[in-house]
Amino acid sequence: MCPKSKGTFYITTPIYYVNDVPHIGHAYTTVAADVLVRFKRLEGYQAFFLTGTDEHGQKVEKAAQERGVDPKVHCDEMVKRFQSLWRRLNISNDDFIRTTEDRHKKVVQKILQDLYDRGEIYQASYEGWYCIPCERFWTEKDLTEGKCPDCLREVVEISEKNYFFRMSQYQSWLIDHIEKNDRFILPPSRRNEILGFLQNPLEDLCISRPKKRLKWGIEIPFDPDYVTYVWFDALINYVSGIGYSSDNPRFSDFWPEAIHLIGKDILTTHTVYWPTMLRGIGLTPPKMVFAHGWWTVEGKKMSKSLQNVVEPNRLIDTYGVDALRYFLMREVPFGMDGDFSHATMVHRINSDLANDLGNLFSRALSMVIRYFDGIIPVPSSLQEIDLRLQESSAKVIAQLPGQMNDLAFNKALITLWEIVSASNKYVDETAPWSLAKEEKDRPRLATVLYQTLEALRIIALLLAPFMPTTAEKMWTHLGMESNLWEQNLEADGNWGGLKPGGKIVKPTPLFPRIDTTKMEKKI
Ligand code: ME8
C-alpha cells in the first residue's frame, strides 16, 4: 500500500563531537529521534532524519593532538564508532553529515560570505575571558568566582581581533517569536529559561577564531587568517544536510519543518544563536527545539575520571538492542533527568518485556500451534468481552499520535501496554485451554485465539517504531506476509487485518527472563 503522504517531517539530532567515543547520552537522543521518525513514517509522513558528527574546533583538535594523529585521520577513525553504533541500534537515519565534508564546508562559507557582504558580520577587538573546553567567550561579570559559569573550569584572559555576527539586533524579534510560538521551545520550563536569559541584553556573537590559536576549522572566506567558530559551523549542518543552496526542491520540502532534538546542555546555542543566524540568512526558524534531560549513572554524573561512562555497545551485548531502546524511552519522561542503573534495567525487562509482552506472545502462538496446527482460525460471532478488547485497541490507536506529537514517549509506551494488559486479561478470562477440552466449544476457541492474535498484530504494528527487531519478529511469526515498514497506521491499525488461514511460526521467547543474581555477577 502506498498511502497518500500526510505532509513532510524533518527530525535532527545534535551532531556529536568526535573527541570521544559515543556513550548512553548520545544513544538516548538518537534513539528518541529514530522512534519519532519511524512513528511519523507509520502515520504516512514523508520524513527525513538527519544525524552526523561535529568534527572541527578545539576539542577535536586537542583529542587528535593527544593521540599524536592528524585531526582528519582522528575524525575518520572516530566517526566509524558512531556510525557502527547507529547501525547496531537500528537507527534509520536518511543521511549522516560530517562537518568536514565539502558539501557542508561550501554552505558554511557561502553563508559567511553572504552575511559579510550584507554587513551582518564585522571585525572588532575582543578583550575578555575564554573557556577553552567550552570554546566560549565570557565577560568579567559572567564569571562564577573567576571560573567559567558553564563548566566551572579555569578561564584564560585573551585580547584579539575577531569577526562578530550582529546577533544583538535580533533580540526583540527572537523574544517575540518565542512568545508567539509556544511549541518553538519545549518543554515549557526550557522556554521560560530562555525567555529569562533574554531579559538581559544580548551581545553580538563572535564567529571566528584566529588560526594562530586554532587551525582545525573552516576557513573564513573573506580572511584566510581565521577559521569559523565551531558552533557557527556546526549549527549550519541542519540546513546543509538537506541541500540548502545545492538542492532547492529537497530543502524547501523539509525547511522549516525541522524538529531539533537536543540535550538541555546545548539549549542556548539552539534557541538563541541558531534562530538569529537563520534570521540573518533570511530563513524561517525551525518548528521546534526539544531539550531532553540528563542521564546520570547509578546516581552520579558520567565522567571519564569516575570511570562510569556507560558504553551502549556493552549494554546491547548484555541486554539486546530492543531492551535498551525500550528502557531509554520508557524509564524517564522525555524532558526530565534520569538515572541509569542495571537494577532498574533488569526490572523493566523482566516485568514489561519478559512477563507482560513475551508471555502473551508465546502462550497465544503456542495455543494456535497446539489446537489449530498453527493455522490462524476463523472467528465467529463476537461476544461483549471480544468487543471490549477491540475497543481497548482502538482507544490506544486514537491516543498515540497526540502523545507522540508531544514527544511523550513514556506515556505512549504506557498507553501501548494497555493493549498488552488487556490482551493478557482477555486470555485469562476466556481461558482457551478450557475451551479446548470440548469439541462444541471449538468455534468459541477459534474466536478467542483469533482475537488474541489480532491484538498481537496491532501491538507489533505500534511497537515497531520503539522496538523494530522485536516487532518484525512478531510480525513474521504471526504469518504476516506484508512488509511491516510499509504499513499505515490509519488503514492497518483497524481491527481485522490478520487473515484467517495464515500460518503461525513456532515462537521462541521474545525476551528471556533475566536471572538477577547471575546478572549481578556478570556485571
Ligand atoms: O554538544 N544525558 O556534542 P556532544 C543525556 N557537537 N544526553 C546526553 C548526555 C547525558 N548524560 N551526554 C550527552 C555537542 N548527551 C555539539 C552539538 S549540534 C549543532 C552540535 C547528548 O558530543 C545530548 O543530546 O557534546 C547532548 O545535547 C549531546 O549528546 C551533546 O553531544
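**Entry 1: the two domains.** How many Å separate the centres of domain 1 and domain 2, taken over C-alpha atoms? I found 42 Å between the two centres. A reminder to myself: this is a predicted model. For the bounds, I noted that domain 1 covers 8–292 and domain 2 covers 335–492.

**Entry 2: where they meet.** Next I looked at the contact between the domains. I found 19 residues of domain 1 in contact with 20 residues of domain 2. Together the two domains bury about 1800 Å² between them, and carbon and sulfur atoms account for 65% of that area.

Entry 3: How many salt bridges did I find between domain 1 and domain 2? The count is 2. I also looked up Arg183, which forms a salt bridge with Asp406; the closest N and O atoms of this pair are 3.0 Å apart. For polar contacts between domain 1 and domain 2, I wrote down 6 residue pairs.

Then I asked myself which elements supply at least two residues each to the side of domain 1 that touches domain 2. They are helix H1 (24–43) and strand E14 (288–292). H1 gives the most to this side, with 9 residues. Sorted by class, the side of domain 1 that touches domain 2 has 11 nonpolar, 3 polar and 5 charged residues.

I then went through some side chains in turn. Asp54 has a side-chain N or O atom 2.7 Å from a nitrogen atom of the ligand. For Trp294, an N or O atom of the side chain is 3.4 Å from a ligand nitrogen. With His26, the ligand atom is an oxygen, 3.4 Å from an N or O atom in the side chain.

Entry 4: Last, I checked the backbone. Leu186 and Pro187 are joined by a cis peptide bond, with omega about -5 degrees. I placed Pro187 in the loop between strand E8 (185–186) and helix H6 (188–197). The peptide bond from Trp255 to Pro256 is cis too, and its omega is near 10 degrees. Pro256 sits in the loop between helix H9 (248–254) and strand E13 (258–263).

What is the phi of Glu145 near? I read 45 degrees, a positive value in a residue other than glycine. Glu145 is in the loop between strand E6 (136–138) and strand E7 (156–165).

Note on methods. Residues are numbered from 1 along each chain as its sequence is written. This is a predicted model: local features need pLDDT of at least 70, side-chain atom pairs count only at pLDDT 80 or more; totals for chains, interfaces and linings use all residues. Side-chain values use heavy atoms; hydrogens and water are left out. Domain bounds come from an automatic or database domain assignment. Contact means heavy atoms within 4.5 Å. Buried area is the accessible area (1.4 Å probe) that two parts lose on being put together, summed over both. A salt bridge is a side-chain nitrogen of Lys or Arg within 4 Å of a carboxyl oxygen of Asp or Glu. A polar contact is a pair of N or O atoms within 3.5 Å; within protein, one must be able to donate a hydrogen and the other to accept it, and residues adjacent in sequence count only if both atoms are side-chain atoms. Helices (H or I, at least four residues) and strands (E, at least two) are DSSP runs, numbered from the N terminus. Ala, Val, Leu, Ile, Met, Phe, Trp, Tyr, Cys and Pro count as nonpolar, Asp, Glu, Lys and Arg as charged, and the others, Gly among them, as polar.
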